[in-house]
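Thank you all for making the time this morning. I would like to walk you through one structure, and I ask that you keep the view open while I talk.

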Amino acid sequence: MSESNVDIISDLESRGLIAQTTSGDELREHLSGGSRTLYSGFDPTADSLHIGHLVPLLVLRRFQLAGHKPIALVGGATGMIGDPSFKAAERQLNSVEVIGGWVDRLQGQLSQFLDFDCGDTSASVVNNLDWIKSLNVIDFLREVGKHFSVNAMIQKESVKQRIDREGSGISFTEFSYMILQSYDFAELYHRHECTLQVGGSDQWGNITGGIDLSRRLYKGQTFGLTVPLVTKADGQKFGKTETGTVWLDPKKTSPYAFYQFWLNTADADVYKFLHYFTFLEPSEIARIEEEDKAAQGRPQAQGVLATEVTRLVHGQEGLDASQRISEALFSGELSHLTESDFEQLRLDGLPGTYIEESKSGLVDALVSTGLAKSNRVAREFISNNAVAINGEKCDDLEAQLTSEQALFGKYVLLKRGKKMFHLLTFAGV
RNA sequence: GGAGGGGUUCCCGAGUGGCCAAAGGGAUCAGACUGUAAAUCUGACGCGAAAGCUUCGGUGGUUCGAAUCCACCCCCCUCCA
């Protein structure tokens with residue numbers, strides 16, 4: 001993949017990555033006419049991006065590979081306002097300092113996915129605070145606000161429920177969000193000839209607002225493209241586990257947990273996700289799907305997905321570590337592990353805790369490691385034969401964990417259910 | 001401001017004086033089956049080993065006894081002004 005004669009739109013279409021575009025054929029022509037600049041915005045709503053952000057981010061990368069120039073925008077300013085799009089309720093504002101810290105983190109994360117050193121199509125990361133903070137209210141209202149019709153704004157689907165519904169109104173602050181995002185697009189058009197904005201399908205209203213504003217302020221023609229919301233076949237929300245959001249930050253979601261998340265993708269979703277989250281060719285994905293269909297038993301797709309995405313986000317090292325842990329834990333053969341392997345497991349991100357005493361009741365240990373929510377539940381797990389110590393099932397409610405039974409005198413691997421593990425280390429030894 | 005309806009355990013939703021820690025469904029968790037799937041079946045699902053303790057918007061009250069009755073308060077919804 002390299003030059004700009006690649007039809008990026010067709011590629012995205014074949015991956016199911018296009019929810020909506022503005023002026024379809026014109027956009028296609030525009031893109032095939034040369035190297036274009038495009039952007040997507042990421043607001044600092046937490047100290048890390050999560051896997052939901054990955055889709056538009058990878059689309060930026062796809063454009064770059066197709067010979068275009070991506071800009072990743074961090075919403076240092078918009079993040080201070082809060083996007084109301086399709087949100088049920090007004091949100092709490094975070095402090096300026098906190099958001100500033102998050103901006104720094106996101107900038108670093110975003111950088112990891114784009115190429116900043118490839119000549120004309122080198123990516124850049126910008127912060128909309130740089131141009132929004134210097135705006136003064138009068139200028140803003142006269143020069144930007146004047147181009148927006150409140151009548152049109154309240155018609156937008158993204159804020160409709162907030163306008164219509166009683167009991168969950170919308171503040172002027174959040175209502176203004178759309179204008180700021182529109183201003184970003186116009187500004188990037190003006191500064192960098194950025195002619196395309198990419199975003200999630202919930203961003204459609206904000207994107208078209210920016211297209212209108214670019215035309216009104218600078219007579220520029222710009223385009224919008226939205227990617228679909230990632231959905232799961234069973235209707236559950238994508239990107240959550242029992243432990244919460246799946247973050248890109250390895251300190252918040254370990255590479256091992258990240259790998260496991262993808263590995264556990266349902267069959268009904270996995271081929272779609274391969275299109276969304278990897279750079280494998282659609283033909284390659286189709287081949288995998290056919291092979292899986294033909295073969296009995298476990299499909300290979302989940303493994304491919306987990307491998308590809310984990311490598312992409314956590315690098316080869318993170319992937320190796322994840323696979324090392326997964327293999328050790330799920331092969332059931334703990335006896336193959338050496339002492340240094342255990343130490344490595346801990347370093348690789350297997351959840352673990354130290355215990356000071358030379359022994360501990362099994363029930364207490366389950367609770368203190370978080371494998372069970374309460375003593376009652378811990379007992380239930382034990383009686384259900386759901387707990388294993390160093391790979392051996394244990395159904396003794398009175399069982400004690402001692403440093404004698406620990407592997408290498410230190411390590412006790414607790415397992416609850418089929419896939420919850422915790423490594424206990426006897427510290428005082 | 002007036003009239004009516006409602007707030008129940010994670011969610012939906014029964015329950016209108018004791019048999020209620022509270023039906024049923026969903027979600028979740030465990031077991032069997034399997035592919036670290038899906039579907040299905042079984043079990044658990046406020047805390048506690050138990051005795052027992054704490055829950056039904058809030059605060060008081062009536063009663064031997066309240067989620068259920070009374071008073072006041074808070075919040076939500078519908079209709080009218």
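This is a predicted model: local features need pLDDT of at least 70, side-chain atom pairs count only at pLDDT 80 or more; totals for chains, interfaces and linings use all residues.

Six bridges join strand β2, residues 37-42, to strand β3, residues 69-74, and these two strands run parallel. Strands here, and helices too, are DSSP runs numbered from the N terminus, with at least four residues of type H or I for a helix and at least two of type E for a strand, and two strands count as paired if DSSP finds at least two bridges between them. Within this pair, Gly41 stands opposite Leu73 in β3. Between the two strands the chain passes through helix α3, residues 51-65, and this β-α-β crossover is right-handed, a word that applies if, with the strands pointing away from the viewer, the path from the first strand over the helix to the second runs clockwise.

Residues are numbered from 1 along each chain as its sequence is written, chains are lettered from A and ligands numbered from 1 in the order in which they are written, and side-chain values use heavy atoms, with hydrogens and water left out.

Let me return to β2, which also pairs with strand β5, residues 194-200, in the parallel sense over three bridges, and there Tyr39 stands opposite Gln197. Is β2 largely enclosed or left open by the rest of the structure? Five of its six residues are buried, so β2 is largely enclosed, where buried means under 20% relative accessible area, exposed means over 50%, and partly exposed lies in between, using a 1.4 Å probe and protein chains only.

The whole arrangement is an open sheet of six strands in the order β1-β6-β5-β2-β3-β4, with mixed pairing. At its edges stand β1, residues 20-21, and β4, residues 124-127, each with a single partner strand, so one side of each is left without a neighbour in the sheet.

There is a further open sheet, of five strands, which has the order β9-β15-β14-β11-β12 and is again mixed in its pairing. Here β9, residues 352-355, and β12, residues 392-393, are the edge strands, and because each has a single partner, one side of each lacks a neighbour in the sheet. Strand β11, residues 387-389, is joined to β12 by two bridges and runs antiparallel to it, with Ala388 bridged to Lys393 in β12.

Turning to the cysteines, the structure holds zero disulfides, a disulfide being a pair of cysteine sulfur atoms within 2.5 Å. Cys118 is partly exposed, with a relative accessible area of 29%, whereas Cys394, at 11%, counts as buried.

To finish with the chain as a whole, chain A has 18 helices and 15 strands, and its C-alpha trace spans about 75 × 50 × 40 Å along the principal axes. Of its 429 residues, 49% count as buried.
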